[in-house]
Amino acid sequence: MGPLSTRPLHYNPRMIRRVLSDAAESTPYAAARRAGVDPKTAYRWAAIRAADPSWPSDALIDEWEADQVEKAAARRAAAAQTREYRKRVYLQRGPMLIDSIGTVRRLQALCALGWTGPQLGARLGVTPARVGHLVSGRWTQVHRDTAAKVAALYDELSMTVPQDPKVLRPTQIRIHARQRRLAAAKGWAPPLAWDDIDRDRAPVGFVTPAGIDETVVDRLLAGDQVTHTPAERWEAIRRWDGSDNALERMHGWNVARDRRQMRDHEANNESEVA
């Protein structure tokens, strides 16, 4: 930390001068109580004044006032941005965030064709990491502009299988075939597997954006003992219309604990979106 006289001021310097003047006639504690500031703050000011009788100087007052003007401008800009956002929400007659399932399915379908994250990101104007976040289905909502961009890109590429470039560098060897294998391993359905990509249940043999195989869920609800993921167990619990005890007897699950974990997971997702 620099010299005492150059410390940033968080109070009006003119008020500091008044408190110090009052403290000289009484005590820093009494002056602080009359001014409505913390007595420890008044004692600190008195110590700084003892080390530098000119503190706070006129230069510091000018600097403080300039800083206040800058902060006021920042507050006005933030308020204007908030008003613009509310105006956009009003004009669009709806929320800015919408369900992400259609966006996730479209990106997964393009990956199933062989399109890679960097290629999709370049066409969407976002980073490959952003494409990875979207395609993972981690978020339950996306901005409506993002959904519109992905839908337009899906309409453009859904009937086009990408081809490897004619001149291959070592990093380009069969990149699209590799992407198709990765998508198949994750159970991502290609475009032709969907009739209505926004509303249909996941096609048989493919998984939902949350990593759920509908066939496995249906068998769990029927009472079959099949290998399943936690996401598939949670989905079966959501759809179960009987008692929790019956489901526990059927599969040996701790349904109450699963429901608590489901609520915690959903609460964490909502906080990330916010």
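Visitor: Which residues have the most contacts inside the largest nonpolar core?

Guide: This is a predicted model, and its largest nonpolar core has 23 residues. Helices α5 (101–113), α6 (117–124), α7 (128–135) and α8 (144–157) each supply at least two residues of this core. The residues with the most contacts inside the core are Leu107, Leu110, Trp115, Leu120, Leu153 and Leu157.

Visitor: Which helix gives the largest share of this core?

Guide: In soluble globular proteins, nonpolar side chains tend to be buried together. Leu110, leaving aside its neighbours within four places in sequence, is in contact with Trp115, Leu120, Leu153, Tyr154, Leu157 and Ser158. The largest share of the core, six residues, comes from helix α5.

Visitor: How many residues are in the other core, which lies apart from this one?

Guide: Among the members of that other core are Met15, Ala23, Trp55 and Leu60. Lying apart from the core described above, it has 13 residues.

Visitor: Against which helices do the buried residues of α2 pack?

Guide: In helix α2, which covers residues 28–35, Pro28, Ala31 and Ala32 are buried. Seen down the helix axis, these buried residues fall within an arc of 100°, so they line one face of α2. The face turned away from the buried side carries the exposed residues Arg33 and Arg34. The buried residues of α2 pack against α1 (13–25) and α3 (39–51).

Visitor: With which residue does Asp22 form a salt bridge?

Guide: The pair links distant parts of the chain, since Asp22 is in helix α1 and its partner is in helix α2, twelve residues apart. The closest N and O atoms are 2.9 Å apart, and the partner of Asp22 is Arg34.

Visitor: How many salt bridges does the structure hold?

Guide: Besides the pairs already described, Arg219 forms a salt bridge with Asp224, with the closest N and O atoms 3.4 Å apart. Asp224 is partly exposed, with a relative accessible area of 32%. The number of salt bridges in the structure is eight.

How values were computed:
Residues are numbered from 1 along each chain as its sequence is written. This is a predicted model: local features need pLDDT of at least 70, side-chain atom pairs count only at pLDDT 80 or more; totals for chains, interfaces and linings use all residues. Side-chain values use heavy atoms; hydrogens and water are left out. Buried means under 20% relative accessible area, exposed over 50%, partly exposed in between (1.4 Å probe, protein chains only). Helices (H or I, at least four residues) and strands (E, at least two) are DSSP runs, numbered from the N terminus. The arc is that of the directions from the helix axis to the C-beta atoms. Contact means heavy atoms within 4.5 Å. A nonpolar core is a set of buried Ala, Val, Leu, Ile, Met, Phe, Trp, Tyr and Cys residues joined through side-chain atoms within 4.5 Å. A salt bridge is a side-chain nitrogen of Lys or Arg within 4 Å of a carboxyl oxygen of Asp or Glu.
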